[in-house]
Amino acid sequence: MLLEIKNLHATVGGKEILKGIDLSIGEGEIHAVMGPNGAGKSTLGAVLTGRPGYEVTEGTVLFRGKDLLAMAPEERAWAGLFLSFQYPIEIPGVTITAFLKAAVNAKRKANGEEEMKTSDFLKLMKEKMAFVQMKPEFAKREVNVGFSGGEKKRNEIFQMALLDPMLSILDETDSGLDVDALKIVADGVNALRSPQKSAIIVTHYHKLLEYVQPDFVHVLKAGRIVKTGGRELIDAIETKGFDQF
Amino acid sequence: MGHGKYIAPPKGEYQVQAGEKLELSFVVLPGESRDITYTVDLMGPGAEAQIKGLYLCRADEKVNIRILMHHRAPDCHSTQLINGIAGGQADVHFAGTIVVAPDAQQTEAFQENHNIVLTETAKVDTKPQLEIYADDVKCSHGATVGQLNEDELFYMRSRGIPEAEARTLQMLSFLSPVIPEGREAEIEAAVRSL
């Protein structure tokens, strides 16, 4: 098992948002987590990546057999976890190149590898930018500063492609995207598919799931997974909404 | 006094004549307590003054920065940009005054003082002041005292950048407008020591 969540409870500002999540993700699987606003979808991604302000009150999470909740956010990244943020953060004064070079080299250092040569890094970055159709000049821009909504999401997928995680969590990556941008995101996720790598696609919307075929679909409601199935659940949600669950 | 290499001496009175330009830059490194007092008089039309400064504190340093920028003639320009980071039990005071004399029309005067406080025990007190006696002027001042941005730190850490490195990146970007040319490596090392 790549990820094993058992009876996960979490609070934000003293209020319980996750009320006992059980979810297992195997290698090479794509899981969709769907649910109405306020169900706890974003909280799940925040808790798994260790965002400050989210407190786990009960339950366990194993990632590749290790206690994920005991790890610092950066250690989770080194272990191969990635979150595509619903609202990517702007970092004034730090360029995308400096940001990602620091990220790539920190992971290599943690794995006992040498720093990547700058020329190799720039080549890798160029290749991945082309893949998500980001203009090369973005490399010199400050992280997310002045980016449109679509550019920010594309930048998330670019980072995902560059960092090459074992498990990617896409938090509402499809919201606010036009069809072209949606296809780029979908291509990014599909290209990442391999027998080992997995993804959790969090969405309240079926559109992205037309381009990325999930193996499992889960319905998250009021902090619990209330239903698990296959593609047929997407159609059921599309026609009758979340009230049926 | 050992400040020679920091470009500007810690105390100075400067009279800038018509058409001349004064550039001052100062750096207060961790471990140094300093009183920095500048009085600048812009004496003739077209005189310009630019002051850039940064301070870094990590223990119980006391840093006092007092700047008086006096626009005494028309058509003079001045800018002041002072950024600093206070850790430990540092005690930092900034008092910056811009005075625009009655006949100093077409004055452009700007002053910014931004501070990051790293600990609950560090204290920063900033007092920007404008005294304007002319009517055709462009003046602005801004002062902030804040902390490192938690959202930015988390975003960097979620990409695998260790917390200490994320903090360093954020502090360097905050200081970048005031780092004197050629001293980048020295300032970076000082920031890492905070």
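What is the handedness of the crossing of α2(B) and α3(B)? The crossing of these two helices is right-handed. The model described here is predicted.

## Helices of chain B

The axes of α2(B) and helix α3 of chain B, residues 184-192, come within 10 Å. They cross at roughly 135 degrees, and α2(B) and α3(B) are therefore oblique to each other. On the α2(B) side, the residues that meet α3(B) are B:T168, B:M171, B:L172 and B:L175. Their counterparts in α3(B) are B:I187, B:E188, B:V191 and B:R192. By class, this contact of α2(B) with α3(B) holds five nonpolar residues, one polar residue and two charged residues.

The crossing of α1(B) and α2(B) is right-handed. From α1(B), the residues B:E152, B:L153, B:M156 and B:R157 take part. They meet B:E163, B:A166, B:R167, B:L169 and B:Q170 of α2(B). The contact of α1(B) with α2(B) has four nonpolar, one polar and four charged residues.

## How α1(B) is covered

Helix α1 of chain B spans residues 150-158 and is mostly covered, with seven of its nine residues buried. The buried residues are B:E152, B:L153, B:F154, B:Y155, B:M156, B:R157 and B:S158. After α1(B) comes B:G160, which has a positive phi near 100 degrees.

## Where the chains meet

Between the two chains, 19 residues of chain A are in contact with 17 residues of chain B. On the chain A side, the elements that give two or more residues are α2, β7, α3 (96-110) and α5 (149-163). Sorted by class, this side of chain A has 13 nonpolar, three polar and three charged residues.

## An open sheet in chain A

Chain A has four strands that form an open sheet in the order β2-β1-β4-β5, with antiparallel pairing. Its edge strands are β2 (15-25) and β5 (66-67), each of which pairs on one side only.

Strand β1 of chain A, residues 3-12, is joined to β2(A) by eight bridges. Eight bridges also join β1(A) to β4(A). A:F63 stands opposite A:K66 in β5(A).

## Two positive phi values in loops

Most residues other than glycine have a negative phi. Phi of A:N144 is positive, near 65 degrees, and A:N144 lies in the loop between β8 (142-143) and α5 of chain A. Phi of A:D164 is also positive, near 55 degrees, and A:D164 lies in the loop between α5 and β9 (167-171) of chain A.

Are these residues buried, exposed or partly exposed? A:N144 counts as buried because 22 C-beta neighbours lie inside 10 Å, and the cut-off for buried is 20 or more. A:D164 has 16 other C-beta atoms within 10 Å, so A:D164 is partly exposed.

A:D171 is in strand β9 of chain A. This residue counts as buried because it has 23 C-beta neighbours inside 10 Å. Leaving aside neighbours within four places in sequence, A:D171 is in contact with A:S42, A:G45, A:L83, A:S84, A:F85, A:Q86 and A:V202. The C-alpha atoms of A:D171 and A:I200 are separated by 8.4 Å, although the two residues are 29 residues apart along the chain.

How values were computed. Residues are numbered from 1 along each chain as its sequence is written. Chains are lettered from A and ligands numbered from 1 in the order in which they are written. This is a predicted model: local features need pLDDT of at least 70, side-chain atom pairs count only at pLDDT 80 or more; totals for chains, interfaces and linings use all residues. Two strands pair if DSSP finds at least two bridges between them. A residue is buried if 20 or more other C-beta atoms lie within 10 Å of its own, exposed if 12 or fewer, and partly exposed in between; C-beta atoms are placed from the backbone. Two residues are in contact if their C-beta atoms, placed from the backbone, lie within 7 Å. Ala, Val, Leu, Ile, Met, Phe, Trp, Tyr, Cys and Pro count as nonpolar, Asp, Glu, Lys and Arg as charged, and the others, Gly among them, as polar. A crossing is left-handed if the near helix is turned anticlockwise from the far one by less than a right angle, and right-handed if clockwise. Axes are lines fitted to C-alpha atoms, for helices over the stretch in contact, and angles run from 0 to 180 degrees between N-to-C directions. Angles under 35 degrees count as roughly parallel, over 145 as roughly antiparallel, 65 to 115 as roughly perpendicular and the rest as oblique.
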